[in-house]
Amino acid sequence: KVVPQPEKLTFFPWVEKFIEECANGERTIPRTGKRYSVSSTKNFTKTLNHLRAFQKKTKYPIDFDKIDLHFYQKLIKYLNDQGKATNTKGGIIKYVKVFMRQSMKDKMHTNTIFQDEEFVKPMEEVENIYLTLDEIQRIYSLDLSARAGLDRVRDVFVIGCYTGLRFSDLNQLRAENFINEGQFVRVTMQKTDKPVFVPLNPQIRAILAKYDGVPPRVLTNQRMNDYLKEIAQLAELNEKVTMSQTKGGLKVNKTLNKCELVTTHTARRSFA
């Protein structure tokens, strides 16, 4: 019996096909057999776009046999020239390695240089702020009744501060997630697919009562981050914070007011 050989594709067409199969469930995560999340397919697409832009700018022809340490150095230099942060570069290298590993399993190539110890994902510990209980209380106590949009964002943020749920999970909350007569929230986390149970404090119970037991849906993450900076300003979170980050391969220090640094993820860090 002749085993059909997979159709040989070049790098970009293979990646497009891979992303499409991840998105429609044809391809599942090795080891678990679960579908790829929407955020994974988005990250694959972003990486594909970065690689297309890199090829266009540097004229470096990307294909399976061309992804070597020379490619790695050129890509890192290109991303540095673009002023990308270390962890952004790390994410792109991580997904290039995913593409190379999966395409090798698909018998598209036999190039193993992506496994070399020098083909490494750059990483940097990110400095992030968190809020104190007093600062969360100041946000909770603001009278935002005249601005419904800000009011909802504040309420969702406070729920995040006292439950530690990620933005993606906060945005999926329904009445049925609140169990034991509203004493606990039970959520299956989108990122890990694991269930978590968190007890609810009086502030959250008061917020839920305001919305008849169902927390409000919020805007996009980006829009919520814009609103949060305004809310933090109204709560007068004006303490000066100096942050350092590597961008474009260079260490950059900047001092900002705390209110300028509040994002949806600040809630999860504050909870921790």
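In this predicted model, K258 has a relative accessibility of 6% and therefore counts as buried, since the cut-off for burial lies under 20%. This lysine is placed in the loop between β5 (250–257) and α10 (264–271). When residues up to four places away in sequence are set aside, K258 touches I129, Y130, L131 and E135, and also L237, N238, E239 and V241.

The protein as a whole contains 10 helices and 5 strands, and 42% of its 272 residues count as buried. Taken along the principal axes, the box filled by its C-alpha atoms is roughly 65 × 50 × 30 Å.

The largest nonpolar core comprises 40 residues, of which I139, F157, M224 and I231 touch the most other members. At least two residues of this core are supplied by each of α5 (133–140), α6 (148–163), α7 (167–170), β2, α8 (202–210), α9 (221–234) and β4 (240–247), and the element that gives the most is α6, with 8 residues. Apart from this core lies another, made up of 33 residues, among them V15, L48, I67 and Y95. The surroundings of I231 can be described in detail: leaving aside neighbours within four places in sequence, I231 is in contact with I139, L142, L144, L150, V153 and R154.

Two of the helices that supply this core, α5 and α6, also pack against each other, at an angle of about 155° and with their axes 10 Å apart. Because angles over 145 degrees count as roughly antiparallel, α5 and α6 are therefore described as roughly antiparallel to each other, and their crossing is left-handed. On the α5 side, the residues that take part in the meeting of the two helices are L133, I136, Q137, I139 and Y140, while α6 contributes R154, F157, V158, C161 and Y162.

Strand pairing is illustrated by β2 (residues 184–188) and β3 (residues 195–199), which run antiparallel and are joined by 5 bridges. Within this pair, R186 stands opposite F197 in β3. The two strands β2 and β3 form a hairpin with 6 residues between them, and D193, which is in the turn, has a positive phi of about 65°.

Methods
Residues numbered from 1 in each chain as written. Predicted model: local features only at pLDDT ≥ 70, side-chain atom pairs only at ≥ 80, totals over all residues. Heavy atoms only, no water. Helix = DSSP H or I, 4+ residues; strand = E, 2+ residues; numbered from the N terminus. Buried < 20%, exposed > 50% of the residue type's maximum accessible area, 1.4 Å probe, protein only. Contact = heavy atoms within 4.5 Å. Pairing = 2+ DSSP bridges. Core = buried A, V, L, I, M, F, W, Y, C linked by side-chain atoms within 4.5 Å. Axes fitted to C-alpha atoms, helices over the stretch in contact; angles between N-to-C directions. Parallel < 35°, antiparallel > 145°, perpendicular 65-115°, else oblique. Left-handed = near helix turned anticlockwise from the far one by under 90°.
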